[in-house]
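Notebook open, model loaded. I'm jotting things down as I look them up.

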Amino acid sequence: MNTDYLTLGNIEVTVGTVRNEQNQGGGEIIYQEAVDLVKTLYPNHQFERCFEWCAGPGILGYSMLEFGVAKTLCLADYFEPSLRVARETMERFNLQDKVSIYNSNNLDSIPETEQWDLVIGNPPQFPGLIQLWGPNARDTRLYMDKDWELHKNFFANIKKFLKPNGKIFLWECAWGSAVGTFKPYIEAAGLKVSRFGNANNSNYMEIWYWIEIEYAD
Ligand SMILES: C[S@@+](CC[C@H](N)C(=O)[O-])C[C@H]1O[C@@H](n2cnc3c(N)ncnc32)[C@H](O)[C@@H]1O
């Protein structure tokens, strides 16, 4: 098995078997832009604890930690091979005092003692099967959120983990959704969309956009 690494500042994030795409969920393309966006919107601010939802190997989350956007990090996913490489990164760079990693179906197994002021995510971005990637079509786990059940459940439960001044940034794909797709679930949870915009790093396969979400009141 090839082990591949992505260098982020002073650490290398293990991304494992990148070539079979197991861990290639897009974080490797958008991490720099994600860091720059949050830094631009919150200059001179360091978040206390960042959670990466649907983290896979944790590229986005480790970027936020390594480039100083957040002091500590929490990662969760339900795919153990990705979590294994996420743990490897934590152990190689002795980040155990700053990083917690949970195997969790959505938010189900995360203790409510976890409290975050920054939540980021590049979750599955399509509500059904797509042929976008051809016959080698990726594992549906990476891109399909059937009928948006994962998103709905995330919005319905995130508030208990989100500090009142907390911000959520999601990267979504314009081929699969628009901001309005999620707005009803966001608002039903007592949250609101505060800003959104196009992602610059969109490539021929995916047109990303980002949404910022916060408490409605
Ligand atoms: C598009 S990939 C993104 C991975 C990583 N965040 C990145 O940016 O490279 C989506 C991720 O969502 C995870 N996922 C899908 N359904 C999930 C669920 N029910 N609970 C937790 N994680 C889930 C997949 O295992 C996969 O790692």
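Is N44 buried or exposed? I counted N44 as exposed, because it has 5 C-beta neighbours inside 10 Å. The cut-offs I use: buried means 20 or more other C-beta atoms within 10 Å of a residue's own, exposed means 12 or fewer, partly exposed is in between, and C-beta atoms are placed from the backbone.

Before going further, a note on what I'm looking at. This is a predicted model, in which local features need pLDDT of at least 70 and side-chain atom pairs count only at pLDDT 80 or more, while totals for chains, interfaces and linings use all residues. Residues are numbered from 1 along each chain as its sequence is written.

N44 sits in the loop between helix 1 and strand 3. I looked up its phi and found a positive value near 60°, in a residue other than glycine. N94 is another such case: its phi is positive, about 50°, and it is not a glycine. I place N94 in the loop between helix 3 (80-92) and strand 5. N94 counts as exposed because it has 10 other C-beta atoms within 10 Å. I noted these two because most residues other than glycine have a negative phi.

**Entry: the chain as a whole**

I get six helices and nine strands in the protein chain. For the record, helices (H or I, at least four residues) and strands (E, at least two) are DSSP runs, numbered from the N terminus. Of the 217 residues in the chain, 40% are buried. I also checked contacts, meaning C-beta atoms, placed from the backbone, within 7 Å of each other. Among contacts between residues at least 6 apart in sequence, 63% join residues at least 24 apart.

**Entry: the sheet**

What is the strand order in the open sheet? I read 5-4-3-6-7-9-8, seven strands with mixed pairing. Two strands pair here if DSSP finds at least two bridges between them. Strand 5 (99-103) and strand 8 (191-198) are the edge strands, each pairing on one side only. Neighbouring strands of this sheet are turned by 20° against each other on average, direction ignored. Angles run from 0 to 180 degrees between N-to-C directions, with axes as lines fitted to C-alpha atoms, for helices over the stretch in contact.

I went through the pairs I could list:

- Strand 3 (residues 47-53) and strand 4 (residues 70-77) run parallel, joined by five bridges; R49 has T72 in strand 4 as its bridge partner.
- Strand 3 and strand 6 are parallel over four bridges, with F51 opposite V119 in strand 6.
- Strand 6 and strand 7 run parallel with five bridges, and L118 stands opposite K167 in strand 7.
- Strand 7 and strand 9 are antiparallel, with six bridges; C173 faces W208 in strand 9.
- Strand 8 and strand 9 pair antiparallel over seven bridges, and R195 has E212 in strand 9 as bridge partner.

Helix 1 (residues 27-41) lies across strand 6 (116-121), strand 7 (162-173) and strand 9 (208-215). I get about 145° for helix 1 against strand 7.

Strand 6 is mostly covered, with five of its six residues buried.

Leaving aside neighbours within four places in sequence, V119 contacts F51, W53, I158, L162, G166 and I168. G166 is in strand 7, and counts as buried because it has 22 C-beta neighbours inside 10 Å. G166 and V119 are 47 residues apart in sequence, yet 7.7 Å apart in space, C-alpha to C-alpha.

**Entry: around the ligand**

Which residues come nearest to the ligand? I found G25, G27, C54, G56 and N122, out of 20 around it. "Around" means a C-beta atom, placed from the backbone, within 6 Å of the molecule. Helix 2 (59-66) and helix 4 (140-143) are the elements that give two or more residues to this shell.

How values were computed:
Two residues are in contact if their C-beta atoms, placed from the backbone, lie within 7 Å.
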